[in-house]
Amino acid sequence: MAKSKKENFSTNISWKEAFGSATAKKLKIKNTPNEEQLANMKILAEEFFEPLREKVGEPIMVNSFFRSEELNNAISGAAATSQHIQGCAIDLDATGITNCELFYIIKNEMDFDKLIWELGDDNNPAWIHISYVKDNNRKLVYQAKRKEGKGYSTYTHFDLDIDYDAETS
């Protein structure tokens, strides 16, 4: 996994965005993918993220991409079967538009395995989780909400019906 200082992981994803983690750094956890995980990350970046970035025409922040199993286990609330471990998931934040707008662009115009409206409220997610599995995308859409008084989230099938049309926005 050789890299130069000037080279990005993909056109619009830096190496730090792909593998960086404050939790991994703090806990001295190695967050390095194997060849299969790296290949999955490249597919997600090239077949999902870069086309999305081009469609939106604005920078999109990558909050979390690859997580080693050890790192994933150290993150409170992370699912034990998280697709981040396989290099098949990415968490995003919009910059020039709202997360809600980005969510609906993905939901209506992109191919994906899972799309999750993560926390926030019914008007805007705090961030967006997307997984992408080449040739096996299921187009599952969920909303995550924090369980009151508990340290975890519940996931329900997405049923918010916000009138959003990407063509007019």
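This is a predicted model: local features need pLDDT of at least 70, side-chain atom pairs count only at pLDDT 80 or more; totals for chains, interfaces and linings use all residues.
**Group meeting: a walk through the model**

A search of the whole structure turns up zero disulfides.

Let me start with the overall layout. The protein chain has five helices and six strands. Read from the N terminus, the order of elements is α-α-α-β-α-β-α-β-β-β-β. The chain has 169 residues, and 43% of them count as buried. Its accessible surface is about 9700 Å², with 46% of that belonging to carbon and sulfur atoms. If we take contacts between residues at least 6 apart in sequence, 63% of them join residues at least 24 apart.

Next, the interior. In soluble globular proteins, nonpolar side chains tend to be buried together. In this model the largest nonpolar core has 33 residues, and those with the most contacts inside it are Phe-48, Leu-52, Leu-92 and Ile-106. Which elements give two or more residues to this core? On the helix side, they are helix 1 (15-19), helix 3 (35-56) and helix 5 (99-109). On the strand side, they are strand 1 (60-64), strand 2 (89-94), strand 3 (114-118) and strand 4 (127-131). Helix 3 provides the largest share of the core, seven residues.

Take Ile-106 as an example from that core. Setting aside neighbours within four places in sequence, Ile-106 is in contact with Phe-48, Leu-52, Phe-112, Leu-115, Ile-128 and Ile-130. Two of these, Phe-48 and Leu-52, are also on the list of residues with the most contacts inside the core.

Ser-131 sits in strand 4. Is Ser-131 buried or exposed? Its relative accessible area is 0%, so Ser-131 is buried. The side chain of Ser-131 makes a polar contact with the side chain of Gln-83, at 2.7 Å. Beyond its neighbours within four places in sequence, Ser-131 is in contact with Gln-83, Cys-88, Ala-89, Phe-112, Asp-113, Lys-114 and Asn-137.

Cys-88 is located in the loop between helix 4 and strand 2. Cys-88 is buried, because its relative accessible area is 8%, under the 20% cut-off. Cys-100 counts as buried too, at 9% relative accessibility. As for what surrounds Cys-88, residues up to four places away in sequence are not counted here. The others that Cys-88 touches are Asn-40, Leu-44, Gln-83, Ile-130, Ser-131, Tyr-132 and Val-133. Cys-88 and Val-133 are 45 residues apart along the chain, with their C-alpha atoms separated by 6.3 Å.

The last topic is charge pairs. How many salt bridges does a search of the whole structure find? The count is four, and I will go through some of them.

Glu-47 forms a salt bridge with Lys-134, with the closest N and O atoms 2.7 Å apart. Glu-47 is in helix 3 and Lys-134 is in the loop between strand 4 and strand 5 (140-146), so this pair ties together parts that are 87 residues apart in sequence. Both ends are partly exposed: Glu-47 has a relative accessible area of 32%, and Lys-134 is at 40%.

Asp-91 and Arg-67 also meet through their side chains in a salt bridge, at 3.5 Å from N to O. Asp-91 is in strand 2 and Arg-67 is in the loop between strand 1 and helix 4 (69-74), and the pair links distant parts of the chain, 24 residues apart. Here Asp-91 is buried, and Arg-67 is buried as well.

Then there is Arg-138, which forms a salt bridge with Asp-113, the closest N and O atoms being 2.7 Å apart. Arg-138 lies in the loop between strand 4 and strand 5, and Asp-113 in the loop between helix 5 and strand 3, so the pair ties together parts 25 residues apart in sequence. What is the accessibility of each end? Arg-138 is partly exposed, with a relative accessible area of 46%, whereas Asp-113 counts as buried at 1%.

Methods
Residues are numbered from 1 along each chain as its sequence is written. Side-chain values use heavy atoms; hydrogens and water are left out. A nonpolar core is a set of buried Ala, Val, Leu, Ile, Met, Phe, Trp, Tyr and Cys residues joined through side-chain atoms within 4.5 Å. Buried means under 20% relative accessible area, exposed over 50%, partly exposed in between (1.4 Å probe, protein chains only). Helices (H or I, at least four residues) and strands (E, at least two) are DSSP runs, numbered from the N terminus. Contact means heavy atoms within 4.5 Å. Accessible areas come from the Shrake-Rupley method with a 1.4 Å probe; for residues, only the protein chains shown count as cover. A polar contact is a pair of N or O atoms within 3.5 Å; within protein, one must be able to donate a hydrogen and the other to accept it, and residues adjacent in sequence count only if both atoms are side-chain atoms. A disulfide is a pair of cysteine sulfur atoms within 2.5 Å.
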